[in-house]
Each structure stands twice: as C-alpha cells, then as structure tokens.
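Here is a short briefing to read alongside the model. Please keep the structure open while you go through the points.

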Amino acid sequence: MLNIFKKVKKWSTLPALVLFLLFLMIYIGISGKFTLSFLNSFISTNTPAICVAIGVAATIIIGGTDISLGSIVTLTNVIIVTLVGKNYSVITAVLLALLFATLAGLFNGLLIGVMRINPLLTTFATSTVFSGIALWLLPYPGGMIPYFYSDWYNSKFLNLIPIPVIMIALPLVIWLIFMKLPFGIKAYALGRDVKKAYASGINVTAIRLLIHTFAGFASGIAGICISASMCAGNPKVGDTMSMNSIAAAVIGGVSLSGGVGGVWGAIFGSLFLSILISIVVSANMSSYVQSFVQAIILLLGVICTVMASDKEIKNKITRLWKKEDGQNE
Amino acid sequence: MGIIISDISKRYGAVVAISRASMSVEKGEIRAILGGNGSGKSTLAKIIGGIISKDSGKIAFNDREINFTSPKNAKKNRVIITSQELSLFTNLTVEENICICDIPVKTGTFINKNGISEKAGKVLEIMNLTDLLGKKVSELHPNQQYMVELAKAIVQNPKLLIIDEITSALYRQDVEIVDKILKNLKSQGCIILFISHRMEELYNICDSVTIMRNGETIGTYPMQEKSEDELLSLMVGTSMVSYHGEGKSHIKPTTKDIFIHVPKIPIQSYHTTESLNICKGEIIGVAGLQGHGQSELVKALYGLSGIIYMEIEGKKCAISNPRSAVKHRFAFISGDRERDGVFNERDLKDNVVSVLELVRKQKVSSPKELLDSYNIRYDNTRQIITELSGGNQQKVVVGRWLSTDPKLLLADDPTKGIDIKARTDLHQEFAKLAEQGSAVIIVSSDDDELVSITSMVERSRVIVMYEGHISKILEGDDITRANILAASMPVAKPNKIKERDKVHA
C-alpha cells in the first residue's frame, strides 16, 4: 500500500492531473454546469491540442524539440480545404493531408537525425516553410468542407466511443506500443545523453527520424480534427499551437532537458491549459487582460510542476527559506 | 589469436593524440596500459572500441583485420569498451542500463521486463549488488555506478574488454570483486585492456603492462618484472622516485590553535552528525569504505547540505550555501570534474579566474602566469578547457581555487582518474598551502594517497568514517595503510562514544 502511494507520488504526470482536476472543479464552480455534453464538446475542441502535445512531448523526451508542429496542423487544414475545393472526396483529401503531415515530420527528422542540425533551429526554419506553403495554397481564411465531415467528427464510433477520443487514441496507442518495445528504453536513454547513447550502440539517427515522423503524424491528426470542427480553412489556425503544446508538455512533467516524463502528462497538461482558458474567458474579463491573467496562471503552473518533479530545485527553494530563518537567529 | 595493433595514428588538428602506437595482446591476457595525462591511452581505447576513427594503422583481431565504424559495429564483434564518461543513463533503472545494448524481448518484439531483471540480476549477484535492482541510476553512489557500468559491459559477453579507468573510484571491497570477475573472464579467453592509475591494482590484476608516453607506445613488460619506480620513470621519461614515505614526525594539535570548530556536521544518508576541530596548517585525510559519509562530510562543510554553524577563529558564523563559504575563504575541489569542476564550453582563462573575478571581484592581471605556476600543459589561454587531458583540467580547477588563497581547502577525491605525476603535483600544492597556515581536508578512496599526503606536512590526521560516524582518528606514526584498513572495517563495533570524545577534546 505504502509502495503504491510512493509510486503515485513519484509519477511525473501527477502534478498536471491534480492541476487539471483542481481547475475543472473551479470551472464547474464558476459556471455551475457539468453535463455529459459539456464534457463531449470540451474533449472535441481540445483534441487537436492534445494530439500536438503528444507529438511534441515525444520529441522533447528524446532530447530534442519541435516548434513546427503548429505549422503542420495549419498545412493539414489548408491541404484538406484545397483538395476538397478541387473536387476530391473528403476521405481522399483527409488521407492525403495526413500523408503530407507525416512527410513534413519525416523531413524534420531527416534534417535533425541524418544531417544533425539542431532541432530548435531546424524546426524554426521548417515552421516558416510549412506555413509559407499553407499561405501560398490559401492566402486568406475561406474554403468549405461538406458538413457531413463535421457531423462525422461529432458522432460516436459504434454509438459508443466519441470519434475525437479515437483520434487521440491513434497517436497515443502508437506511442504506447513504442514504449513496449526496446525502442522505448532507447528513446529515453537518447533523451538523457546523445554521446552515451551512441557509445552504447543505440541507433541515434533512426530514433530521431522515427520520433519526428511520429510528431508529424500526430500533428496531421490534429489538423484533421481542427478542420472538422471548423469545416473551413484558415492559414493561421495552428500559429499558437506550437508553443502552447510545449507548455502543456512541461506542465505535464516532461523535462526540457530530455529523458524524463511521458505523454500522459502532456495530455493532462494540455487539458489544464484549455480549462484555464475557459475559466478566464467565462470570468468576463476584457480581452486585453485575458491573455495576461492566463499567462500568469500558466507560469505558476509550470513552477508548481517543475518544483514537484525536480527534487534539486525543490531543495534549493526550501533552503532559501531556511537561510532566512538562520539570519533571524 | 588475440589482438594485434600496428602503427595506429590519430591527430586532432595540429595536436598529435597517438603516433604509431603498436602492441599485441594474447587471448586470455590482462594487459595494463599505463601512461601520463594526454599520453593517448583513452584515445587508443576509443579507437579500438569504434567510438572514434583512426587516421592510419591496422588492427587485427583473431587474425582478421577489423575497422569498426561505430560502437554498434564493435559490439557485434563483442569488442566492448567501458569508461567513466560514456556509460550510464541516470534516468533509467539499473537493470535497464545493464541490458540497454541488448534488451531481452518476448515474442520477438516486446520488452521482456522479467527477462531484463533476470539478466541484470545474474550479473549483480556475482557482484553482491542485487539490492540495486529496481533503483534508478541517479540514486546510486558513484562507486556503485562504476560497478553497474562494469556489469553492463559483462552482460555483453565480451571477447575484448577495454576498461578505461573504471576502478579509479572504487573502494577496496569492490576492487576485489572486479578482480574476481576479470580473472573469470580471463579464464574464458577474453582479452582485457585495463587502464588505471592504481599501481596496487595493476600488480594484482594484470599480467603485463604497456607504457604509453606522448602518444607513443614505449614498451611492453611482464607486470611483475618492473617495480613501481621503474614504471614511473618509463612513463615520464626521466627517472623519478615516488614519495611513499610513511610517518614523518607529526606534532599533535593543542587546543590553543584551533582554527575552525564545527559542532554539528550533518551526514544526511545516515542521519548522523559529527563534530570536528580543524587546526591551522593541518591536513586532515578522510578515509573509509565506500559511501560511509566521507564526501557528505566535506560537502556539508561547504554549505552544500543546508545551513551549517561553526566557529572560525573564535567567531561564530553560519554558512548557508557555497557562496557564503567562498566569502569565508573556503575552497572546494571535487573529483567529479565534469559536474562540479570545469566550465565545459569556456577557455582556460575563464576557468582559472572565475572565482577571483566573479566572486571575489578582483581583477587578475595575468592569467597566463597563474596557469604556468601550476605546471599545466597547454597551448594558449584561449583554448577551450575540454581540449586538455583530465589531469590538466583538474590542475586548472585547483589553480582556480588556490589562487584565491583559501583558509580551508575541501577536496573530495580530487585526484580521481588523473595520473601519478599530476597527482604528486597536486599533493605538493596542497602541502604548500598547509605550510602557509591554511587547513586542508581531503577525502580519498585511495588509502595510499592519504598516507603519503599526511606525511608531507608536520601537522596531520586521518579520520576514518564508518556508517556516518568518525570511527577512528589516526595521528603521527599510526597513519599506515594497515591501520586505516582496520579502522574502516571494524569487526566488532568500536566504542564510538569513546572515540568521539577524543574528537571533542
């Protein structure tokens, strides 16, 4: 029993889960509504963010990062709208867009894994490339996707599981399978130290290639979902998603130095972020103050989770207090 | 059969790391490779292990020429290299680390968790370390980490095992286990290349020794044929005599010249506290078996385990963190250079002046002079510090601290993994500091080192730690290896209270 307690305490996802539940409670308290339909719409609007968070968490875990995922989401959305506008069937458009998103991830992976360019620089550059292509295809918001696409997205698979949940499950299950393979251990090892990983005979290039492709795939899924909820195209739709997803991953206990944390944390981190936005919006503040308040709470959230997961930082902070005591004596 | 290395060369830019190194080792032979800092031992080891590539030369292994392009490639041929800097992942568990090069799977694809524990358990059982199973490597003591490193090498069933300074931080009881394991591998026909600076181990473990100097292989001799002094002369190229003189006359400290009195030093892992009186001009050696609180003792004095109260020259003060320790003119030299010593991406000048200029706010007029005064081998002061060999890096760190003219020097295994010449240099610097009236507290996993350094000054003690307590204080002619050994492994528990009264007196 005590062991289970200790394990839970050490679980890196815990702070994000607690934060999410806490703010969910606050939200319910403020708005006074908690129904199944609220839950459904909450999940379906946040599915894209969750998918991107899963993708970015994977790249951070192997010691890299990816700030181009938001642009890949945009690209997916724009490709779907453009193809549908050219009279392709929706399903072909969606699958082709997913393929392109995955290829975009592969492209990142080639630059980072094979050519060994710094991941931050690479994805900074490619994010501009991807959003450039998106703007070229669709210079302004517009386009139309048939409404049955949206209906499908808001329906349930076999009348049981909501489609958004299945969409989240796609990248999640792939990741969980990764973790069951020797690949999983090696990915975490790589995240801790590249040199040591290489000296241990781990195929660094292959892992980077695969993980960045996976991140591209996850963003493609996100793009599909966001297109379904908008039923239109917008060349700016993914702009804020890159950074938000990184924040979500960090809140979820994924260490930016690599090798620590998991995708469950990223999922709850991103849920926390969106419930936070809902609260700030429902508090009827002016839109100028909104993002400020949101950012302050986000900062506090990051500090809390980092403190909870990083023993050394925690010790340092507690020592600061002790020092004050010492001087009073 | 065996491995034949002929005419290997490797240069980094203008620096020649190895030039025409040659040697051959028979199957089932344990070969020591001995050489000073920057003599090319590690480079040669890394070339054989496939971590770096060679410029020219040939390596033939079991009558077949090999040319490994990556460590993975070398591992396939069961050529395994294990070294301090290139091994464990602190975020993974012990068993995952041990098995990471070949993770057991079930049904051909999925991780077999039980298989991993079993495989790792088998090796750890030989090492008497089964209690490490399930722990993360970050929770282990450095010495346990080295043992896990060795375990990781052994599970790969090496035919050629290269051990690069793995034993330089091991304590006595571990060295025996390592010895047993290596003898066992030897009987299976495994070739072992053993890089170490500890003469005692080399004589115990190795069959023969190859001496390297300035990137060249000077010669190979049967281990027992050469005395320690002969080997040293071969390493440095001129004849020199080691200084293992035991027990110069010692003056017992009187209560009058107590310089620092620390009533309570917390040893966190044992939840104990100890007290210590430190005199001016004294060298205190701290001995004991692995992880009995020695390094925690010095780290606590440096304010690294929270606030600590002490009396310095009769004045009460509190040290809450390293910054305030530096203000009181303490210095701390760690054996873990990479973590606590060098600023990796900075040049020599920045490294050597960092404390003086950044903490003390004193301008250093000539960093070059400073570097020269500590016998550091370097090209120019704008060189990145990691271009130097380990021993020279450590000298820079020592120079950084000694230039601040510290009143109390705390050293935690400062000569870990550096060669005997550099070690002697450091000891002489420490002794000089003590002669000028400062105090030195030095932890070492090598009893010989403590015996020799305490014999270099008039006033010295060796305190032996056991389970978080000071179990014995040795002074004067009592400071011998035999006594230290006896005190660090008390058969019947000694009367600790009585011993501690001695400390208070």
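In which helix of chain B do B:D372 and B:K368 both lie, and how many residues apart are they? Both lie in helix α13 of chain B, 4 residues apart, about one turn of the helix. The model you are looking at is predicted, so local features need pLDDT of at least 70 and side-chain atom pairs count only at pLDDT 80 or more, while totals for chains, interfaces and linings use all residues. Residues are numbered from 1 along each chain as its sequence is written, chains are lettered from A and ligands numbered from 1 in the order in which they are written, and side-chain values use heavy atoms, with hydrogens and water left out.

**Salt bridges**

- The count over all chains comes to 15 salt bridges (a side-chain nitrogen of Lys or Arg within 4 Å of a carboxyl oxygen of Asp or Glu).
- One of them joins the side chains of B:D372 and B:K368, at 3.5 Å from N to O.
- B:D372 has a relative accessible area of 40% and is partly exposed, and B:K368 is partly exposed at 46% (buried means under 20% relative accessible area, exposed over 50%, partly exposed in between, with a 1.4 Å probe and protein chains only).
- B:E429 forms a salt bridge with B:K432, with the closest N and O atoms 3.7 Å apart.
- These two residues are 3 apart in helix α15 of chain B, so about one helical turn separates them; B:E429 is buried at 14%, whereas B:K432 is partly exposed at 42%.
- B:R329 and B:D405 meet through their side chains in a salt bridge of 3.1 Å, N to O.
- B:R329 sits in the loop between α10 and β18 of chain B and B:D405 in the loop between α14 and β19, so this pair ties together parts that are 76 residues apart in sequence.

**Loops of chain B**

- B:R329 has a positive phi of about 60 degrees although it is not a glycine, and counts as partly exposed at 29% relative accessibility.
- B:D413, in the loop between β19 (408-412) and α15 (420-435) of chain B, also is not a glycine and has a positive phi of about 50 degrees.
- B:D413 is buried, with a relative accessible area of 10%.
- B:T381 lies in the loop between α13 (367-372) and α14 (390-402) and is buried at 19%.
- Leaving out residues up to four places away in sequence, B:T381 touches B:D347, B:L348, B:K349, B:K368 and B:L371 (contact means heavy atoms within 4.5 Å).

**Chain A**

- Chain A has 15 helices and 2 strands (DSSP runs, numbered from the N terminus: helices are H or I of at least four residues, strands E of at least two).
- Of its 329 residues, 49% count as buried.
- Helix α3 (residues 36-61) of chain A bends by about 50 degrees at A:T47, and the proline A:P48 follows within four residues (the bend is the angle between axes fitted to the seven residues ending there and the seven starting there).
- Just after α3(A), A:G63 takes a positive phi of about 90 degrees.

**Where chain B meets chain A**

- The contact involves 34 residues of chain B and 27 residues of chain A.
- B:F89, B:N91 and B:I111 lose the most area to chain A on the chain B side, together 22% of what that side buries (buried area is the accessible area, with a 1.4 Å probe, that two parts lose on being put together, summed over both).
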